[in-house]
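Colleague: I have a new structure open and would like to walk through it with you. Could you help me read it, starting from the inside?

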Amino acid sequence: MTDTDDTPAASPAPHPVHVPPPGGGRTFAQVLVNTAVANVTTSFLWFALTFWVYLETRSVLATGIIGGAYMLLVAVFSMAFGTIVDRHRKHLVMVFAGVVTLVAFSISLVFYVLFPESTLLDLGGPMFWLFSGVILFGAVIENMRNIALSTTVTLLIPTERHANANGLVGTVQGLAFMVTSVFSGLAIGLLGMGWTLVIAIALSALALAHLLFLRIPEELPQRDGDKRPLIDLRGSITAVRAATGLFALIIFSTFNNLIGGAYMALMDPYGLELFPVEWWGIVLGVTSTGFIIGGLLIAKFGLGRNPIRTMLMLVIVMGVLGALFTIRDWWWLYAGGIWLYMTLIPAVEAAEQTVIQKVVPFRTQGRVFGFAAAFESAAAPVTAFLIAPIAEFLIIPYMESDAGQSDFGWLLGDGRARGIALVFLVAGVVMVIAAVAAFFTKSYRRISAQYLEAQPAELESEKAEGPDDTEATPGSDDPTDATSAQLRR
């Protein structure tokens, strides 16, 4: 965590306290389930497309461009998505994203019916890129819902339960990863691309239909002056800088993702050295249960008094795991390390979300989440594109040589893919050093103080103002009690 924002602009006036409506926990649960179905569907089709293209063309370049383009577009459009989320009711944003995704997937099915597979798979022809691009567009637009979902935590859940709600969000992401890992391959192998598209369209329509009948209580967002650019970069930066130390937190998360890019690039090649391809997909599906368990643990126990401290401690543990889970050529060590690593990811992501939801006014949270997503989504692919050729042409050949074995054999053993193991070891050590160093920065102390000092003022403000009469229900003294009870259920 750097000290890049130690001299921020003048501190803004405290933002108004938001009191969640009665039944907010029940509404949030429905929004969460709806988003889970949408995310699973999008990931299912996106991974299925990647599998289908590779199996039919055996082109690593094509799948690499598809995957890289997806992450790049997510990074490019995240700030625009955040601006849209802030300027419109969250329910309207989710419906818009659902409609666009459904239309995009439907258009791709029309292409599949009208053109033979040989035309759609011709990498030199326009139809391959048009067909893939339409699916890509639908998948990228769906990410707007994830930003809106993060803001509904603030809208519907009491402050003291934000960390628990964010844990449930992590569980949803883990479920999407697990389902995708297993069922996308099965769908392509057993049903083919056509029926896979039909399944994705049916599930998207189902999620949209449920969303149309869902009501999210929210006032119309205030206008930010006459000039309203699509990408409010200035407003995003202003909102980030208003919370002292928040920019440093985003930079740290981005750096953490840069290190994580090494794992993203080399995890599959290392796994395929240890497991047959059929088993590797199953291993990924099983280890992804770590996402679900980690999210459920956060939903149950929260993140402690200071989520930032919790995040840094967990990043240190992640660095140790990343450094050691390939220290020897043992399949159980690798699989177990991946499972533990994935178990910690929801807590790290929930910590950042919880801090933003606490220190950033609700009306600008979409732009802050979009700003963070833009940086953090771009980080991992950058490292992945850099580390893959370095590992393939320099590190792996060196570790296979007598000099490499002599220098590092005592540490990494003499199994397969020792070059990848060396990359993982260095990346893990760098992650540990970065997290430890973050504890000694002014930014860590300032953002921690701001988070911890916000809660007493918020509670006092609630007591002074009392609950909003328009939101109270008969027989309820505090509208947050019902919301909190619903979330606990």
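Modeller: Let us start with Phe-131, which has a relative accessibility of 0% and therefore counts as buried. Please keep in mind that this is a predicted model.

Colleague: And what about Trp-52, buried or exposed?

Modeller: Trp-52 is buried, because its relative accessible area is 3%, and buried means under 20%.

Colleague: How do the rings of Trp-52 and Phe-131 sit relative to each other?

Modeller: They form an aromatic pair of the edge-to-face kind, with 5.9 Å from centre to centre and 70° between the planes. Trp-52 belongs to helix α1 (residues 24-57) and Phe-131 to helix α5 (residues 126-141), so this pair ties together parts that are 79 residues apart in sequence.

Colleague: Which aromatic pair is stacked, then?

Modeller: One that is stacked is formed by Trp-330 and Trp-332, where the centres are 5.5 Å apart and the planes 10° apart. Trp-330 counts as partly exposed, because its relative accessibility is 42%.

Colleague: How many aromatic pairs are found in the whole structure?

Modeller: A search of the whole structure gives 14 aromatic pairs. There is also an aromatic cluster, made up of Tyr-270, Phe-325, Tyr-334 and Phe-424.

Colleague: Back to the inside: how many residues does the largest nonpolar core have?

Modeller: The largest nonpolar core has 125 residues, and those with the most contacts inside it include Trp-52, Phe-131, Met-193 and Tyr-334. Helix α14 (residues 331-359) gives the most to this core, with 14 residues. Another core, of eight residues, lies apart from it, and among its members are Ile-327, Leu-333, Met-399 and Leu-425.

Colleague: You mentioned Met-193, so what is it in contact with?

Modeller: Leaving aside neighbours within four places in sequence, Met-193 is in contact with Leu-45, Ala-48, Leu-49, Trp-52, Tyr-112, Phe-131, Ile-135 and Ile-188. That list holds both partners of the edge-to-face pair, Trp-52 and Phe-131.

Colleague: Where is Trp-195, and is it buried or exposed?

Modeller: Trp-195 has its place in helix α8, and it is exposed, because its relative accessible area is 56%, where exposed means over 50%.

Definitions and conventions. Residues are numbered from 1 along each chain as its sequence is written. This is a predicted model: local features need pLDDT of at least 70, side-chain atom pairs count only at pLDDT 80 or more; totals for chains, interfaces and linings use all residues. Side-chain values use heavy atoms; hydrogens and water are left out. Helices (H or I, at least four residues) and strands (E, at least two) are DSSP runs, numbered from the N terminus. Buried means under 20% relative accessible area, exposed over 50%, partly exposed in between (1.4 Å probe, protein chains only). A nonpolar core is a set of buried Ala, Val, Leu, Ile, Met, Phe, Trp, Tyr and Cys residues joined through side-chain atoms within 4.5 Å. Contact means heavy atoms within 4.5 Å. Rings of Phe, Tyr and Trp (its six-membered ring) pair if their centres lie within 6.5 Å; planes under 30 degrees apart count as stacked, over 60 as edge-to-face and the rest as tilted.
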